[in-house]
Amino acid sequence: MRLSPWAALALGLLLLSLAQANFAPHFFDNGVGSTNGNMALFSLPEDTPVGSHVYTLNGTDPEGEPVSYHISFDPSARSVFSVDPAFGNITLVEELDREREDEIEAIISISDGLNLVAEKVTVLVTDANDEAPQFIQEPYVVLVPEDTPAGSSIFKVRAVDKDTGSGGSVTYFLQNLHPSKFAVDHHSGVLRLQAGATLDYEKSRTHFITVVAKDGGGRLRGADVMFSATATVTVNVEDVQDTAPVFVGTPYYGYVYEDTLPGSEVLTVVAMDGDRGNPNRVLYSLVNGSEGAFEINETSGAIFLTQSPAQLQREMYELYVQVTEISSAGSPAAQAMVPVTIRIVDLNNHPPTFYGESGPQNRFELSMYEHPPQGEILRGLKITVNDSDQLLAVEVNTPEKFSSTADVVIQLQDTNDNDPKFTSHYYIARIPENAPGSTNVVAVTAVDPDTGPWGEVKYSIYGTEADLFLIHSSTGLIYTQPWASLDAEATSRYNFYVKAEDTEGRYSLAEVCVTVLDVNDHYPQFGKSIQEKTMVLGTPVRIEAIDQDAEEPNNLVDYSITHAEPANVFDIDAHTGEIRLKNSISSLDVLHNITPSGEDCTWSLEVQAKDRGSPSFSTTALLKIDITDTETLSRDPMAAFLIQTKDNPMKAVGVLAGIMAIVVAITILISTATFWRNKKSNKVLPVRRVIRKRPSPAPHAVRVEWLKSRKAKAATKFMLKEDPPNESDDNHGPVSSLPPRAPALPPPPSMAPDTGAAHWTVPTVSGSLTPQQPQQSPPEPKASGSPIRSTLVSELKQKFEKKSRDNKAYF
């Protein structure tokens with residue numbers, strides 16, 4: 001196909017652009033745990049020192065061009081890392097803090113000069129133990145009555161650690177330089193009055209307790225560190241009732257002016273309970289001296305004028321006021337008395353008057369929400385007086401300084417400012433393991449002092465061990481799931497939390513511990529070895545049964561013999577299960593007399609294992625006992641061994657394996673010694689050397705005899721013997737004698753070395769061969785004309801003569 005000029009030009013430009021194309025560089029993705037690549041899933045401890053080399057960016061360019069690296073951060077974030085553009089080394093330049101920032105986002109990029117590739121990465125900041133525990137809700141001040149029983153909980157401190165893991169766990173201790181009356185729970189922080197300790201308001205009204213909170217320790221900058229914090233708990237001792245009331249501000253003087261209106265207050269006496277720590281309510285009364293002109297308010301102690309000053313007959317009155325404590329039960333208790341002097345003053349003055357929006361008034365009312373901020377203006381309360389803005393208006397134009405008072409009543413409206421509080425921080429309950437589903441466990445109670453909907457409490461339950469339980473949202477009653485099945489052997493305790501929450505989400509928590517009580521629901525079970533026992537006379541045998549119940553006495557087992565014939569042979573230990581012969585049976589002869597057959601020493605007993613639960617469960621088993629005595633065992637060691645290992649077959653297997661190993665080892669040693677001895681003696685010896693044949697070992701078993709006879713058939717073809725001198729030989733001297741006999745074939749191997757065999761000499765390579773017989777006595781030699789004998793002798797003689805010519809020095 002022929003292209004037009006324009007098409008050819010376009011095609012050329014396209015090929016030129018493809019030839020000049022440049023591909024973008026890219027990072028290597030080396031995965032988790034790598035310290036180089038594209039920072040994928042990279043994490044860094046928060047205690048890494050500033051200036052550390054923490055990572056290396058690594059990438060490549062397809063064209064092989066050099067690349068440069070860059071890192072950047074969001075303008076609103078810190079620039080935590082810096083990078084070497086040429087080598088990609090990333091350095092930490094800002095201090096890390098996991099509690100403030102547990103993730104760092106950065107943009108890394110790689111460039112070959114023409115193309116730039118950027119990736120957004122997230123670096124995880126891992127925790128180090130760099131935070132100390134901190135107590136919350138300080139200061140700690142607690143009021144404790146002086147009659148608080150020993151061991152009672154009085155307060156709970158709480159500290160938190162922002163670290164995670166063991167570094168975030170907190171335990172509590174007391175820092176006491178001297179013996180203390182208090183103790184702290186290491187885990188919950190609950191302070192308790194120690195056992196045997198008492199408080200005394202008269203001796204010490206305040207105690208200061210220093211509580212130390214320690215974390216669980218952890219790694220920080222390569223070392224194991226542990227942090228702690230301290231807090232002081234001020235314990236104020238509350239007094240109990242043991243002191244009479246006391247008047248305050250004595251002596252008392254009062255004045256009545258002639259223009260004082262009846263019902264006006266003259267003065268107020270004040271008394272308080274002498275037990276300042278926990279005072280009782282007090283009531284006032286006039287004992288005498290008033291003559292009907294004065295009355296006293298029994299609760300406030302204010303003394304009022306009841307008549308017009310013009311009707312008073314005296315210029316001075318001496319009144320006696322009595323104060324009486326009212327106990328918590330409502331009955332009168334301790335009393336005290338004080339005199340009050342009131343003088344009548346003749347003046348023509350008017351007290352100041354309070355005014356409201358509608359005119360003179362002495363009572364003002366206002367509604368407002370509780371907890372107002374300090375300095376808040378009481379809006380809607382408009383009070384005026386003739387010449388003063390004060391609530392208590394006092395005239396200053398006369399020396400007597402008359403005054404007037406007005407009541408201001410403020411109705412406080414409730415706000416949701418209280419959390420629901422449980423009556424206890426820790427609830428303990430117990431439930432039997434056979435309780436059916438929907439069984440009530442325990443009721444928790446929380447109180448919210450707020451009013452209206454804010455005081456309504458809803459309960460919920462949660463925790464990893466709360467799956468088997470439910471809670472009624474309104475009553476706080478905790479009960480088991482309808483399908484719940486408890487098992488004390490599997491799980492004996494459950495711990496979870498309950499939550500009390502009001503309508504606006506204010507809440508508190510309490511911990512619940514439910515203990516599952518064991519019920520006797522398992523039978524005792526005998527082991528597999530109960531079927532048959534062997535008893536050596538005078539030695540007991542023991543049976544054992546296991547009860548799978550979790551607690552005592554349900555898993556304690558007692559043993560008894562329920563049936564035996566005859567019944568007067570055995571006794572059993574009810575606790576250990578050891579079965580013994582009765583003391584009257586001292587030999588097998590006595591047993592033979594008791595046994596109906598007279599000879600059988602095997603009994604079948606019916607034994608019972610019974611637990612101590614209520615109700616009790618039992619299991620019976622049939623036990624066969626074979627009886628032997630020590631004399632029988634000494635006569636037959638193999639029988640003794642089999643009897644001893646009858647109940648333990650693995651023991652017998654182990655002993656037999658040991659014996660076989662010893663036999664094999666001895667055989668190997670003997671074979672090795674024989675081999676080396678034959679090797680050292682395998683040389684030509686002088687003629688007519690005496691050769692003794694090893695006698696055959698005594699048979700040990702049928703299999704040994706069979707092996708010996710089988711090998712003897714092959715060995716009987718040749719046997720060493722001494723040839724008579726050759727009279728027809730013309731040669732004389734040592735050379736003319738027959739060569740030594742050839743060695744005999746070794747005897748068949750035996751199962752054990754025969755110590756009674758006679759010593760025999762190592763054979764040489766020279767000699768004559770005769771068939772070997774299995775008897776111990778030397779075999780009779782065959783006739784000298786035997787073809788086998790002649791052939792062997794001729795061959796050995798030729799070899800011997802050739803050996804003699806090669807080594808003449810031997811002769």
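Me: What does Asn-38 touch, apart from residues up to four places away in sequence?
Reply: Asn-38 touches Phe-27, Phe-28, Asp-29, Asn-30, Tyr-55, Ile-108, Glu-119 and Val-121, a contact being heavy atoms within 4.5 Å. This is a predicted model, in which local features need pLDDT of at least 70 and side-chain atom pairs count only at pLDDT 80 or more, while totals for chains, interfaces and linings use all residues. Residues are numbered from 1 along each chain as its sequence is written, and side-chain values use heavy atoms, with hydrogens and water left out.

Me: Is Asn-38 buried or exposed?
Reply: Asn-38 has a relative accessible area of 10%, so it is buried (under 20% relative accessible area; exposed is over 50%, partly exposed in between, with a 1.4 Å probe and protein chains only).

Me: Changing topic, how many aromatic pairs are there?
Reply: The structure holds 14; rings of Phe, Tyr and Trp (its six-membered ring) pair if their centres lie within 6.5 Å, with planes under 30 degrees apart counted as stacked, over 60 as edge-to-face and the rest as tilted.

Me: Why is the pair of Phe-73 and Phe-81 stacked?
Reply: Their ring planes are at 25°, so the pair is stacked, with centres 6.3 Å apart. Both Phe-73 and Phe-81 are buried.

Me: What about Phe-135 and Tyr-140?
Reply: That aromatic pair is edge-to-face, at 6.2 Å centre to centre and 75° between the planes. Phe-135 is buried at 10% relative accessible area, and Tyr-140 is buried at 4%.

Me: Which residues form a cluster through ring pairs?
Reply: Ring pairs link Phe-135, Tyr-140 and Phe-155 into a cluster.
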